[in-house]
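User: I'm new to this one. Could you show me how to read helix packing in it?

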Number of protein chains: 2
Amino acid sequence: MPRAKKPAEDPPGRDREATERRFVEAAARVLARDGAAGLGVNAIATEAGADKKLIYRYFGGLDGVLEALGAATGVWIGDLAPTPTNAKARSDYGARMLAAFTAYAEKLRGDLVLQKLLAWELAGPSDALGRIDTARSRQMGKMMHAIRGDAVPPAGVDAPAINAIALAALNYLVLRGATTGSFAGLPLKTEADWKRATTALESLLAAAYEKNRWRKL
Amino acid sequence: MPRAKKPAEDPPGRDREATERRFVEAAARVLARDGAAGLGVNAIATEAGADKKLIYRYFGGLDGVLEALGAATGVWIGDLAPTPTNAKARSDYGARMLAAFTAYAEKLRGDLVLQKLLAWELAGPSDALGRIDTARSRQMGKMMHAIRGDAVPPAGVDAPAINAIALAALNYLVLRGATTGSFAGLPLKTEADWKRATTALESLLAAAYEKNRWRKL
DNA sequence: TCCGTATGTCACTACACGGTGACATACGCT
DNA sequence: AGCGTATGTCACCGTGTAGTGACATACGGA
């Protein structure tokens, strides 16, 4: 099983660290290209141009590679703390959330690996998935905390629930945009499509986080 | 390959229609239990307690079974036209939408097959999926049209985009509830959890569909 | 220099799956 | 009753995959 159809990069040389990196990067490429279904030791080894035996030697099996992949992925999620320009935006809870969410969505749209990971997550509980997931969900929580910062949500609104709904919608729409290209009649291909979607989300969040609006009822 | 570990139901007897039904129902059970990954001719035949050869004879292959499964599934989606009690609710666009969405979410939460189908859809384009999907997406459009009815959305709001966002959030939350049991810190297990989520969605939609609210800006 | 070990290579087994040909049997039509 | 065909059963092949044992080779320390 020498370097097969995909030479990927230059000859491995006799370097364990480099080889391990090759495997993890190969796993990411395979996952981005073929999804969770195509993620196996054979595919990864072929993509990395190395022998699968080394996967068992260095990672103890497929799970180890996925674990390393999970550690490598999703680090950017924790770095989404927004830096609002003016003081008003800094203290406006809704504006902060919206800015962070749109930034998150844009990043996610460009991250094929994370997309497949999210889709995989919805396919059902898997022993292999657990390894990847834990690290990422921790980062997710960290992101939520960093975004909030010192801003406080208006009283009377269930901010965690509303934020979860917004995030859920974004995740789903990005995934659908990547596969079918639209959802429920809403196109999700061009940049203009996404501008429209985020504008609609903005109107939802702005209305919900409007201060004191619940007194009016 | 006689009746294997899963006898499912009584002896097949020599009845083609009944056998075909067995296969489709078996496919639904396998999909609900093991997801798209476990959906294969061997698994379906074993679950149905019949021989896989008959799958090829009667359905031409796995695709035929999935097509039949798609036709059977998703029929209820078209029957979600709400019947508002009072005249106000009938004409209130936001209320109509919210009622339909919550009803849809509740149905979806109980439909394991449709859940796996939605998750499958997000895993990437698949030749097999196309067969199932088309019929269902048509039903989806019909639902949206039936819900709207004679009510018209307030001017100045992008109703299709907002509705898509709401539906996307519900789909994602239901899927996450079925797998991880929570999302972004929002628990999605108990009935109370879902009450909380739908209440938050209600606040979002009510605020967005409030008449003339955009004049205030 | 020589030897031990880490690194890499290859061949092989065991297994599950999709798919098909050959056979057995029960039903219905004439 | 006899026969043709639909229905059901079984054995088999080719393929792709996970995983392992055996071997080759380069590097580094005694």
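Analyst: Helix 7 of chain A passes helix 8 of chain A in a left-handed crossing. Left-handed means the near helix is turned anticlockwise from the far one by less than a right angle, and right-handed means clockwise. Helices (H or I, at least four residues) are DSSP runs, numbered from the N terminus. This is a predicted model: local features need pLDDT of at least 70, side-chain atom pairs count only at pLDDT 80 or more, and totals for chains, interfaces and linings use all residues. Residues are numbered from 1 along each chain as its sequence is written, chains are lettered from A and ligands numbered from 1 in the order in which they are written, and side-chain values use heavy atoms, leaving out hydrogens and water.

User: Which residues make the contact of helix 7 of chain A with helix 8 of chain A?

Analyst: Contact means heavy atoms within 4.5 Å. Helix 7 of chain A brings Leu114(A), Leu117(A), Leu118(A), Trp120(A) and Glu121(A), while helix 8 of chain A brings Ala128(A), Leu129(A), Ile132(A), Asp133(A) and Arg136(A).

User: Is Met143(A) buried or exposed?

Analyst: Buried means under 20% relative accessible area, exposed over 50%, partly exposed in between (1.4 Å probe, protein chains only). Met143(A), in helix 8 of chain A, is buried, with a relative accessible area of 1%. Met143(A) is 43 residues from Ala100(A) in sequence, yet their C-alpha atoms are 9.2 Å apart in space.

User: Where does helix 9 of chain A touch helix 7 of chain B?

Analyst: Tyr172(A), Leu175(A), Arg176(A) and Thr179(A) of helix 9 of chain A meet Leu118(B), Glu121(B) and Leu122(B) of helix 7 of chain B.

Terms used: Helices (H or I, at least four residues) and strands (E, at least two) are DSSP runs, numbered from the N terminus.
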